[in-house]
Amino acid sequence: QVQLVESGGGLVQPGGSLRLSCAANASIAREYGMAWYRQGPCHQRLVLAQVTAAGNTDYADSVKGRFAISRDNSRNTAYLQMNNLQPDDTGTYYCHLIPSNYWGQGTRVTVSA
């Protein structure tokens, strides 16, 4: 059983930055891709960024140039560096091992003046 724990959320002003972390409790996570999703007021989870086991990345158009996903396999951890945050980025952020049914519990990000 793989458990994922997100951290790093909080309240930030528009234009600010946050760095989210997603720690897995098992090294098997290294064999999976990892992705970050955001769930907003409509409760739909939208994929924002993905990184493959090999380290290849992909981003949603809405975050390209502002967000950066990375992973440290020695720590079984993925990161999401978020810059120039805007109010529309507000939501609960989840990490997900792909392909799998493993999700973290989410971390809340609020962008507000």
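Strand E9 (residues 91-98) and strand E10 pair in the antiparallel sense over three bridges. Strands here are DSSP runs of at least two residues, marked E, and are numbered from the N terminus. Two strands count as paired if DSSP finds at least two bridges between them. This is a predicted model: local features need pLDDT of at least 70, side-chain atom pairs count only at pLDDT 80 or more, and totals for chains, interfaces and linings use all residues. Residues are numbered from 1 along each chain as its sequence is written, and side-chain values use heavy atoms, with hydrogens and water left out.

**Strand E10 and its neighbours**

- Tyr-93 stands opposite Thr-107 in E10, and Gly-91 stands opposite Val-109 in E10.
- Strand E2 (residues 10-12) also pairs with E10, in the parallel sense, over three bridges.
- Leu-11 is the residue opposite Thr-110 in E10.
- E10 spans residues 107-111 and has a covered face of Thr-107, Val-109 and Val-111.
- Its uncovered face holds Arg-108 and Thr-110.
- In a regular strand, side chains alternate between the two faces of the sheet.

**The sheet**

- Six strands form an open sheet in the order E2-E10-E9-E4-E5-E6, with mixed pairing.
- E2 and strand E6 (57-59) are the edge strands, each pairing on one side only.
- The twist averages 30 degrees from one strand to the next, with axes fitted to C-alpha atoms and angles running from 0 to 180 degrees between N-to-C directions.

**The nonpolar core**

- A nonpolar core is a set of buried Ala, Val, Leu, Ile, Met, Phe, Trp, Tyr and Cys residues joined through side-chain atoms within 4.5 Å.
- The largest such core has 26 residues, of which Trp-36, Phe-67, Leu-80, Met-82 and Tyr-93 touch the most other members.
- Strands E3 (18-24), E4 (33-39), E5 (45-51), E7 (67-72), E8 (77-82), E9 and E10 each supply at least two residues of this core.
- E3 gives the most, with four residues.

**Salt bridges**

- The structure holds four salt bridges, each a side-chain nitrogen of Lys or Arg within 4 Å of a carboxyl oxygen of Asp or Glu.
- Asp-89 and Arg-66 meet in one of them, at 2.8 Å from N to O.
- This pair links distant parts of the chain, 23 residues apart: Asp-89 is in the loop between E8 and E9, Arg-66 in the loop between E6 and E7.
- Asp-89 is buried at 2% relative accessibility, and Arg-66 is buried at 16%.
- Buried means under 20% relative accessible area, exposed over 50%, and partly exposed in between (1.4 Å probe, protein chains only).
- Arg-38, Arg-66 and Asp-89 are linked in a network of salt bridges.
- Asp-61 bridges to Lys-64, with the closest N and O atoms 3.3 Å apart.
- Asp-61 is exposed at 65%, while Lys-64 is partly exposed at 49%.

**The loop between E9 and E10**

- Ser-100 lies in this loop.
- Its side chain reaches the backbone oxygen of Leu-97 at 2.7 Å and the backbone nitrogen of Tyr-102 at 3.0 Å.
- A polar contact is a pair of N or O atoms within 3.5 Å; within protein, one must be able to donate a hydrogen and the other to accept it, and residues adjacent in sequence count only if both atoms are side-chain atoms.
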